Amino acid sequence: MAVTSPAAAPVYLFDQFELDLGAFSLRTGGEDISLEPQVMSLLAYLVQHRDTLVTRDELLDELWGHRYVSESAVATQIKTLRKALGDDGRSQRIIKTVHGRGYRFVADVSAAQATTPASSAPASQRSSNLGYERTKLIGRNEELQRCIEAFARYRLVSLLGIGGTGKTRLAKAVGRSVQQDYPDGVWFVDLVPVRDAAGIDTAMASVMGISVQEGEARQQIAAAVRDRRVLFILDNCEHIEDEVAAALDYLLENTSGPNFLATSRDPIDLADELRFFIDPLPVYSDQGTAPSVELFQLTAERHGISAELLDAAIVQQICARLDGLPLAIELAAAQLKQLTLEELAQRLDRRFELLAGRQREGDHRQDSLIRVVENTWQLLDEEEQQLLGQLAVFPGQFTVNDIEAVFAGRLPNGISFALSRLVELCLLSRTSRSGGWWRLLETVRLFALEKLSAEEREDNTRRHAEWVIESLGAYPEDHLHNFTQARWCADHYADLTAAELYLDANNRRAEALEVCCATGLMIQLDDGARAVAKLQRLQHYMHDATDVFQRSKLHGTAALCAQVTRNPQRLAAEAEMNLSLCREVGDPTRLAGALILTSLTNNFINPDLAREQLDEAIRIAEELNHAPTRDLVTIYRIWSDVVTGETTSAAALAAPIARRLLNEDQPLDNPTYNAVCATIACTVFAQPQTALNWTQRLLQRPEAHSMWGASLLFASAFAAVSDTGATVQLMGEVETRLRRAGRSPWPDLLVPAVVLAYRHGEEQLASAWLGAIRASRKPQQTFHGIAVYRQLRGLLQADSNSLTLEAAGSAALDWVAGLLDGPADG
């Protein structure tokens, strides 16, 4: 094949940079600058359209097409590009921001010939058997770069992961990317058909095209490549890992030039080995389409289904249930030839019979999902298989303490070693970088459950449900004020749901109802995704609940859910029913809680009645001499004062409770948390530095971000002192939480943006966005947002414009991103 002429693709010179569109590279001083493909595409587009203004919408269409992305995505990529070019939002010597419109490439540009070195000629002209990339590698840029960089320090790198994660494709992509660094060859060695040590030597010699003598093959291979720059990619090592380890040990000891990249489900276990664990593809993304969703869409297109016809939310749900596992996603997308997207989603509980590909000659290990998991299962010994079966009872994340609590006295003797083996085989993974939380891939969990007998499944599930009941403790005292208990419920929500369904299905309805209702405070910490489903389950029990005490629990929990789902009519109806039932029950603690819930709706339609109800609740708490209930009532009285504008009395009530935060040894409970938040709300404009001090102190506690509404209050506190960076960070976190929960962030997210615009002297913008909030029929969910909004109404005249919430939100995010990007142009 002829080498493409450098003149065939344009090369541009600007500043001290050379942009070669043929090689899709950016260089300065002869050195390549590493850029993400999307950032490189952004640069290319700006340079090619340097004589015109490029609008934000134009860039969104060019770079993201029909995929949904956050409004600030363009500004974020512009900032990344400027940083790579040594430019910034203040100097704008290369890329200029045209405020409210878009961007212009302002550096002088000239055409030139490419200076790509000869060593970067096409792969077909160098020693390699990799072939060309047939389909796009999705979502692996970070892993690709890390692996390439690793060869500067290590000679042996292993890509490890459960079958179907795309280790082979990634390994080949690494090989293609580094071919210019290995002039003596990049050789891909498929070990699937190999069964012994001699077969490894034969396979390596074969791909290199050298003849070796029986019994001396390994020595001859070592002699042939001793000081040569060669990369061997040994693919699928797990079934002969001991033999592979021996071969690599010899070659590493007796050569100095070659490097080795291995793919395996199990580590090679050599001291020289650098292990890279390859996770499934991300299901969610803050910027653009998530990689797993993109893979699903591209696979569907290959089977004749246009991505534009697919509901993105359902696709994301499918990818999440398939754990982002590339093989499972590709097999699932192929089913769209005969199933609708909705039908596919409904059948994922039967994924092993559903997700099977067409049989082909050769390696059958990845022609079905069940075969992939079965191959890994066979690598486990009996104790490891037993432990995996026990872990399958946990439907979500869990800790080692959880395992020991559920299966006390029934765990394998070597649990620590067994757990480490499950981690090594990527069957068990951490849910976060810190902390002791673990989870099984859903596909692995379902497979392990199928391996259990019916009696084992029943025993494990019963033990799990009884552990949940024991862990919940008494209701309702702990569940309306104890953050520790609420956090347990939030962290173990999947366990709560599974236990409730088991109890309900086994005629233990009273216990099932208790588990369903035992989420009081947790619902308030929720982003809204769980509250809708919880309402449906509560309705299920309401149909035949006759016990007054149980009915009061159901309606009280439903009122909390209705508040989270922004349904004021449902909130009022459930709260009134709960109050009526609690008066009938005669339990003073529950009556105090019911009065609080009812006052929530009356705060906005009958403040005097709300005050009377809270006063009655306070009298009950004092008669009971129950401090948690008294604190809880006081907190709602404080918020009632805040939203009605009585900030002085609210601050006075909050002060003694808020001061508990100063005792760092004392756990942060719900009343203290809310008292501090109320103090921030009361002082955010009158004493912004005081509000900021309380905010910063609260943010030092791990529970600070428990309520997303509080995070918006913190954003407003930072906005009130013009701290743009902190404001944007908190706004971004809340937007991500709400969008992942399938909820619109408006109007709540506009509140800190209005505060920031007001503090920056942009009163016209602030008034326009405030007017959009006022004109909206969407109620704000939290006291935090309402409190700041009502104070803003006293500071600004809300513009009576026709700006929609979405339009105002888009403009606000664009403007805020522009502040980070640098001073606007005009």
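**Structural features of the predicted chain**

Helix H33 supplies the largest share of the lining of the second largest cavity, namely 4 residues. The structure is a predicted model, in which local features need pLDDT of at least 70 and side-chain atom pairs count only at pLDDT 80 or more, whereas totals for chains, interfaces and linings use all residues. Residues are numbered from 1 along each chain as its sequence is written, and side-chain values use heavy atoms, with hydrogens and water left out.

A search of the whole structure gives 2 cavities of 30 Å³ or more. A cavity is a set of points, on a 1 Å grid over the protein atoms alone, where a 1.4 Å probe fits but cannot get out, and lining residues have an atom within 4 Å of a point. Grid points are joined across faces, edges and corners, and a volume is the space filled by probe spheres set on the points. The second largest cavity holds about 30 Å³ of space. Its lining consists of Gly709, Leu712, Leu713, Ser716, Asp748, Val751, Pro752, His784, Gly785 and Val788. Two or more residues of this lining are given by each of helix H33 (708–720), helix H35 (750–759) and helix H37 (783–795). By class, the lining has 5 nonpolar, 4 polar and 1 charged residues; Ala, Val, Leu, Ile, Met, Phe, Trp, Tyr, Cys and Pro count as nonpolar, Asp, Glu, Lys and Arg as charged, and the others, Gly among them, as polar.

The chain as a whole has 38 helices and 15 strands. Helices (H or I, at least four residues) and strands (E, at least two) are DSSP runs, numbered from the N terminus. Of the 826 residues, 53% count as buried, where buried means under 20% relative accessible area, exposed over 50%, and partly exposed in between (1.4 Å probe, protein chains only). Among contacts between residues at least 6 apart in sequence, 70% join residues at least 24 apart; contact means heavy atoms within 4.5 Å.

Helix H27 (residues 588–605) packs with helix H29 (residues 627–643) at an angle of about 5 degrees, and the axes are 10 Å apart. Axes are lines fitted to C-alpha atoms, for helices over the stretch in contact, and angles run from 0 to 180 degrees between N-to-C directions. H27 and H29 are therefore roughly parallel to each other, a description that applies to angles under 35 degrees, while those over 145 count as roughly antiparallel, 65 to 115 as roughly perpendicular and the rest as oblique. On the H27 side the contact is made by Thr589, Ala592, Ile596, Leu600, Asn603 and Phe604, and on the H29 side by Thr629, Leu632, Val633, Tyr636, Ser640 and Val643. This contact has 8 nonpolar, 4 polar and no charged residues.

In helix H5 (residues 167–177), the buried residues are Lys167, Leu170, Ala171, Ala173, Val174 and Gly175. Their cover includes helix H4 (141–150) and the strands E9 (156–160), E10 (186–190), E11 (231–235) and E12 (259–264).

Individual helix residues were also examined. Leucine 387 lies in helix H15 (residues 382–391) and counts as buried because its relative accessibility is 0%. Not counting residues up to four places away in sequence, leucine 387 touches Leu411, Pro412, Ile415, Ala418, Leu419 and Leu422. Leucine 819, in helix H38 (residues 805–821), counts as partly exposed at 27% relative accessibility. With the exclusion of residues up to four places away in sequence, leucine 819 touches Thr724, Leu756 and His760.

A cis peptide bond joins tryptophan 746 and proline 747, with omega about 5 degrees; proline 747 is placed in the loop between helix H34 (724–740) and H35. Aspartate 15, in the loop between strand E1 (11–14) and strand E2 (17–20), has a positive phi near 50 degrees while not being a glycine. Aspartate 15 counts as partly exposed, at 46% relative accessibility. Cysteine 426, likewise not a glycine, has a positive phi of about 60 degrees. The loop that holds cysteine 426 runs between helix H17 (415–424) and strand E14 (428–430), and cysteine 426 is buried, with a relative accessible area of 15%.

Terms used. On a 1 Å grid over the protein atoms alone, a cavity is a set of points where a 1.4 Å probe fits but cannot get out, and a pocket is an open set with protein on both sides within 12 Å along at least five of seven lines; lining residues have an atom within 4 Å of a point.
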